Amino acid sequence: MAQLPSKFNADEHEEMGSYDAIPQGEYELKVSGNKKKDNKAKVAAAERGDNIPGSVYTITFEITSGEYKGRLLFMGLNLEHTSAQTTDIAFRELASLTKACGKVQLKDNDLDDLIGCELLASVGVVPATAQYPASNKVKSCKPLKNVAVPSAPPKKKSNPKVSFD
């Protein structure tokens, strides 16, 4: 028997929300987190004693307005993979996200530099399969119109020394 640590009353708690895919469209998002994990191919190779590249970087977004405010969306980036085409696509997606956040580079190459960034994203629906229910995919990112997006740092002007002798 699994004894709970205190008296439980279901009426005192909210029920779980739906995790159904949201309709495709444009949504205002905020980057709320990220994580890195080994992909399936790397895990399988490690079990065989092989070492291959293979990491998925997952960016977490929160919808910040509208009917779906508070829902989370995810972007998986295969930045370390055995397929050059796969990594190329992932780096293009990361470039779009980074530029939508008004950045060209990430501080210390850390995805945490994007946390808090607000942007406008085109979200699509990935149809259900026999194994998985329908889900969402962040298809593209662009700057949010009402949020100031920093530009590239201004070029330094030369300050010639002036002598008043």
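Colleague: Exposed means a relative accessible area over 50%, and buried means under 20%. With that in hand, does Asn 109 count as buried or exposed?

Modeller: At 73% relative accessibility, Asn 109 is over the 50% mark and therefore exposed. Keep in mind that this is a predicted model.

Colleague: Where is Asn 109 found?

Modeller: Asn 109 sits in the loop between H2 and E4. Its phi is positive, about 55°, although Asn 109 is not a glycine.

Colleague: Let's zoom out. How many helices and strands does the chain have?

Modeller: There are two helices and five strands. In sequence order the pattern reads β-α-β-β-α-β-β.

Colleague: What share of the residues counts as buried?

Modeller: 26% of the 165 residues. The chain exposes about 12,500 Å², and 52% of that comes from carbon and sulfur atoms.

Colleague: Which strands does E2 pair with, and how do they run?

Modeller: E2 is joined to E1 (residues 25-38) by nine bridges, and the two run antiparallel. On to E3 (residues 72-80): seven bridges join E2 to E3, antiparallel as well. For reference points, Val 31 has Phe 61 in E2 as its bridge partner, while the partner of Ser 55 in E3 is Glu 80.

Colleague: How many of the residues of strand E2 are buried?

Modeller: Eight of the nine, residues 55-63 being the strand, so E2 is largely enclosed by the rest of the structure. Take Thr 58, which lies in E2: its relative accessibility is 13%, so it counts as buried.

Colleague: What does Thr 58 touch, leaving out residues up to four places away?

Modeller: Gly 33, Asn 34, Lys 35, Phe 74, Met 75 and Gly 76.

Colleague: Now the nonpolar core. Which residues touch the most other members?

Modeller: Leu 29, Phe 61, Leu 97 and Leu 119, in the largest nonpolar core, which has 26 residues. E1, E2, E3, H2, E4 and strand E5 (135-143) each supply at least two of its residues.

Colleague: Phe 61 again! What is Phe 61 in contact with, sequence neighbours aside?

Modeller: Leaving aside residues within four places, the contacts of Phe 61 include Leu 29, Val 31, Leu 73, Met 75, Leu 97, Leu 119 and Val 138.

Colleague: Switching to rings. How many aromatic pairs does a search of the whole structure find?

Modeller: One. Tyr 27 and Tyr 68 pair edge-to-face, at 6.2 Å centre to centre with 75° between the planes. The pair links distant parts of the chain, since Tyr 27 is in strand E1 and Tyr 68 is in the loop between E2 and E3, 41 residues apart.

Colleague: Is Tyr 27 buried or exposed?

Modeller: Buried, with a relative accessible area of 12%.

Colleague: Last topic, salt bridges. How many does the structure hold?

Modeller: Six. One of them joins the side chains of Lys 36 and Glu 80, at 3.7 Å from N to O. That pair links distant parts of the chain, with Lys 36 in strand E1 and Glu 80 in strand E3, 44 residues apart. Glu 80 is partly exposed, at 25% relative accessible area, and it is also the bridge partner of Ser 55.

Colleague: What does Arg 48 form a salt bridge with?

Modeller: Asp 50, with the closest N and O atoms 3.5 Å apart. Arg 48 is exposed at 58%, whereas Asp 50 counts as partly exposed at 40%.

Colleague: And where are Lys 103 and Asp 113?

Modeller: Their side chains meet in a salt bridge, 3.5 Å from N to O. Both Lys 103 and Asp 113 are in the loop between helix H2 (84-100) and strand E4 (118-126), ten residues apart. Lys 103 is partly exposed at 23% relative accessible area, and Asp 113 counts as partly exposed with 23% too.

Definitions and conventions. Residues numbered from 1 in each chain as written. Predicted model: local features only at pLDDT ≥ 70, side-chain atom pairs only at ≥ 80, totals over all residues. Heavy atoms only, no water. Helix = DSSP H or I, 4+ residues; strand = E, 2+ residues; numbered from the N terminus. Buried < 20%, exposed > 50% of the residue type's maximum accessible area, 1.4 Å probe, protein only. Areas by Shrake-Rupley, 256 points an atom, 1.4 Å probe, with all protein chains shown as cover. Pairing = 2+ DSSP bridges. Phe/Tyr/Trp six-rings, centres within 6.5 Å; stacked < 30°, edge-to-face > 60°. Contact = heavy atoms within 4.5 Å. Salt bridge = Lys/Arg side-chain N within 4 Å of Asp/Glu carboxyl O. Core = buried A, V, L, I, M, F, W, Y, C linked by side-chain atoms within 4.5 Å.
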